[in-house]
Amino acid sequence: YLVTSNNLNNGWRVVTSIPTSYLMQEQIALRTTVIMIVVIISVGIILIQLLILSRFNKSVTNVVQKLEGDASTDLMTGLLNKTSFRRQSELDLKSSSGIQSKVFFIMDLDNFKQVNDQLGHKVGDEVIINMGRLLSEVFSEGFVKVGRIGGDEFAVYCSFIDKTEERAEEWAKYKSERVYIAFEKMFKDKIEQFKLSVSMGVLIEGGEDIKYEDLYKRTDAALYESKRTGKGKPTFV
């Protein structure tokens, strides 16, 4: 208690006793308010720091993903580049079982050099870009790998768990027909002017322990056969 004593003029003395808890209520309330404000400010600062850190991490992740994408993607077409196409195909070959059927395409643009020589590389680049878009549309399935493996050379690889070699061959023939139909529509003027065409080698394989190099060599030989016997057509092996 806080006790005070005052003498009055008439000789009386007034003694007052006040509980200290009453006097401290305002101070306690003020202290509580200050503590709450400090806590709120601290939490706010922490949240802001977490938000900044989250955005920073997201930015770093985006940069890393972009760099990884740039490293594995052909910048002109957006398809897999030669190295990434081979690596992803090899990973699938290593993990595939004997019941899987594999299909491998190699495609090459016939008389493409004439387009570059007569119309310039800018037009030639447009042809390559459009060919990449064409293949992305025809082979839109997520499990199919499509890559640009050379200047005007493209490759497609896929494996099937539930298809026999016969069904895989039917799928490959259907896809090759779609490529030729789309090619004629997209490059009609270049076909007429330069006899631009696409030769194709297609391999259907159902064996086990197949190496990428073996698939590539056999499919490339089929492509060479298409070019040797008239160009602008597929050869299946």
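Which residues form a nonpolar patch on the surface? Keep that question in mind as you open this predicted model.

**Stop 1: the patch**

Select Ile 35, Val 39, Val 43, Ile 46, Leu 47, Leu 50 and Leu 53. These residues make up the nonpolar surface patch. Together they have about 640 Å² of accessible area. Now pick out Val 43. It sits in helix H1, which covers residues 20-72. Val 43 has a relative accessible area of 42%, so it counts as partly exposed. That class lies between buried, under 20%, and exposed, over 50%.

**Stop 2: helix H3**

Move to residues 112-119, helix H3. Colour Phe 112, Val 115 and Asn 116: they are buried. Look down the axis of H3. The buried residues fall within an arc of 95 degrees, so they line one face of the helix.

What do they pack against? Show strand E3 (101-110), helix H4 (121-138) and helix H6 (188-194): the buried residues of H3 pack against these elements.

Now turn to the face of H3 that points away from the buried side. Lys 113, Asp 117 and Gln 118 are the exposed residues there. Then step just past the end of H3 to Gly 120. Its phi is positive, about 95 degrees.

**Stop 3: Ser 226**

Select Ser 226 in helix H7, residues 212-228. Is Ser 226 buried or exposed? Its relative accessibility is 0%, so Ser 226 counts as buried. Next, show its contacts, leaving aside neighbours within four places in sequence. Ser 226 touches Ser 199, Met 200, Lys 231, Lys 233, Pro 234 and Thr 235.

Conventions: Residues are numbered from 1 along each chain as its sequence is written. This is a predicted model: local features need pLDDT of at least 70, side-chain atom pairs count only at pLDDT 80 or more; totals for chains, interfaces and linings use all residues. Side-chain values use heavy atoms; hydrogens and water are left out. Patches are made of residues with over 30% relative accessible area and no salt bridge: like charges are joined within 9 Å, nonpolar side chains (Val, Leu, Ile, Met, Phe, Trp, Tyr) within 5 Å. Accessible areas come from the Shrake-Rupley method with a 1.4 Å probe; for residues, only the protein chains shown count as cover. A salt bridge is a side-chain nitrogen of Lys or Arg within 4 Å of a carboxyl oxygen of Asp or Glu. Helices (H or I, at least four residues) and strands (E, at least two) are DSSP runs, numbered from the N terminus. Buried means under 20% relative accessible area, exposed over 50%, partly exposed in between (1.4 Å probe, protein chains only). The arc is that of the directions from the helix axis to the C-beta atoms. Contact means heavy atoms within 4.5 Å.
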